[in-house]
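I opened this model to look up its fold, its cores, its ring pairs and one of its pockets. My entries follow in the order I made them.

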Amino acid sequence: MLTQGKIFIVGLPRTATTSICVAMLDLGFKVAHTCYTFNCLHQAQVIADAPVFYHFKELDQAFPNSKFIYLERDLTDWLPSIKQLLLRMHTNVTRQDGGFNPIIKQSYTNIFKPFTIEKLADDSFLEQCYLNHRQDIEQYFRNRPDDLLRLNVAKQGSYQTLLNFFKLAVSNDDFVKINIGGKVTAWKDIKHPNKIESTNKGRIDKNLLNELNIGDNN
């Protein structure tokens with residue numbers, strides 16, 4: 001096994017993953033928003049986005065005694081936001097001569113399958129992807145209510161719910177709202193001593209997913 005006791009944010013993109021990552025930084029956790037190297041997996045206490053939202057089962061096996069946060073968002077707000085993101089990503093996800101790294105490609109193309117322009121522009125398709133993912137989460141954790149927190153950061157009291165789940169007592173009372181209006185680069189701009197880099201100077205560990213799928217690492 002790699003190690004023990006992580007916190008994995010299993011919400012899909014555009015469900016406030018960056019906002020909760022910033023909150024966890026300020027609560028004293030070492031946080032990675034996306035994670036593509038073994039060093040990142042070892043160092044970070046909290047990990048969000050790819051590959052977590054797709055590979056949460058393998059990560060659960062690799063990191064015993066972990067906790068999971070499933071982020072929810074009202075579909076009327078999530079659909080236009082995720083559609084804009086996915087359509088912008090399409091070329092770099094699907095191209096064979098480069099583009100995004102294989103971990104990003106695998107995560108997105110499996111959750112939003114088939115990853116075509118026509119489907120990504122279809123609200124009913126995106127809604128079904130959201131519901132399928134949520135059902136998969138619910139089914140997997142159906143007998144483990146103490147390991148999964150369901151959270152909608154837009155709801156009043158959500159920050160306190162987060163604190164209560166992890167038995168934390170702090171003076172802040174709300175999430176910082178970021179990545180508003182389609183901007184998705186806020187995490188790159190954040191400077192914080194608890195921030196863990198997702199890559200090694202832009203490079204990923206290409207065998208990361210194979211090792212996770214085996215579930216028996218050193």
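I took helices as DSSP runs of H or I with at least four residues, numbered from the N terminus. On that basis I placed His90 in helix α4. The model is a predicted one.

**Entry: His90**

Is His90 buried or exposed? I set the limit for buried at under 20% relative accessible area. His90 has 15% relative accessibility, so I logged it as buried. I then listed its contacts, leaving aside neighbours within four places in sequence. His90 is in contact with Phe115, Thr116, Ile117 and Leu120.

**Entry: overall make-up**

I counted secondary structure next. The protein has 10 helices and 5 strands. It has 218 residues, and 49% of them count as buried. I also checked how far contacts reach along the chain. Among contacts between residues at least 6 apart in sequence, 72% join residues at least 24 apart.

**Entry: helix α1**

I went to residues 17-26, which form helix α1. How many of its residues are buried? I found 9 of the 10, so the helix is largely enclosed by the rest of the structure. The buried ones are Thr17, Thr18, Ser19, Ile20, Cys21, Val22, Ala23, Met24 and Leu25. Just after α1 I noted Gly28, with a positive phi of about 100 degrees.

**Entry: nonpolar cores**

The largest nonpolar core holds 45 residues. Which residues have the most contacts inside it? I got Tyr108, Phe112 and Leu126. The elements that each supply at least two residues of this core are α2 (38-43), α3, β4 (67-71), α4 (75-94), α5, α7 and α10 (208-214). The biggest contribution is from α4, with 7 residues. I also found a second, separate core of 24 residues. Its members include Ile7, Val22, Ala23 and Ala48. Val22 and Ala23 were already on my list of buried α1 residues.

I followed up Leu126. Residues up to four places away in sequence were not counted. Leu126 touches Trp78, Leu79, Ile82, Lys83, Leu86, Phe112, Lys119 and Leu120. Leu120 was also among the contacts of His90.

**Entry: aromatic pairs**

I counted 11 aromatic pairs in the structure. I looked closely at one of them, Phe53 with Tyr108. The ring centres are 5.3 Å apart and the planes stand at 80 degrees. Planes over 60 degrees apart count as edge-to-face, so I classed the Phe53 and Tyr108 pair as edge-to-face. Where do the two residues sit? Phe53 is in helix α3 and Tyr108 is in helix α5, 55 residues apart, so the pair links distant parts of the chain. Both Phe53 and Tyr108 are buried.

Elsewhere I traced a cluster linked by ring pairs. It joins Phe8, Phe56, Phe63, Phe68, Tyr140 and Phe141.

**Entry: second largest pocket**

I ended with the second largest pocket, which has about 200 Å³ of space. I found 13 residues in its lining. Which of these are closest to the centre? They are Tyr54, Asn110, Ile111, His133 and Asp136. Two or more lining residues come from each of α3 (52-62), α5 (102-111) and α7 (123-140). The largest share is from α3, with 6 residues. By class I logged 5 nonpolar, 4 polar and 4 charged residues in the lining.

Note on methods:
Residues numbered from 1 in each chain as written. Predicted model: local features only at pLDDT ≥ 70, side-chain atom pairs only at ≥ 80, totals over all residues. Heavy atoms only, no water. 1 Å grid on protein atoms, 1.4 Å probe; cavity = no way out; pocket = protein on both sides within 12 Å on 5 of 7 lines; lining within 4 Å. Points joined across faces, edges and corners; volume = space filled by probe spheres on them. Nonpolar A, V, L, I, M, F, W, Y, C, P; charged D, E, K, R; others polar. Phe/Tyr/Trp six-rings, centres within 6.5 Å; stacked < 30°, edge-to-face > 60°. Buried < 20%, exposed > 50% of the residue type's maximum accessible area, 1.4 Å probe, protein only. Core = buried A, V, L, I, M, F, W, Y, C linked by side-chain atoms within 4.5 Å. Contact = heavy atoms within 4.5 Å.
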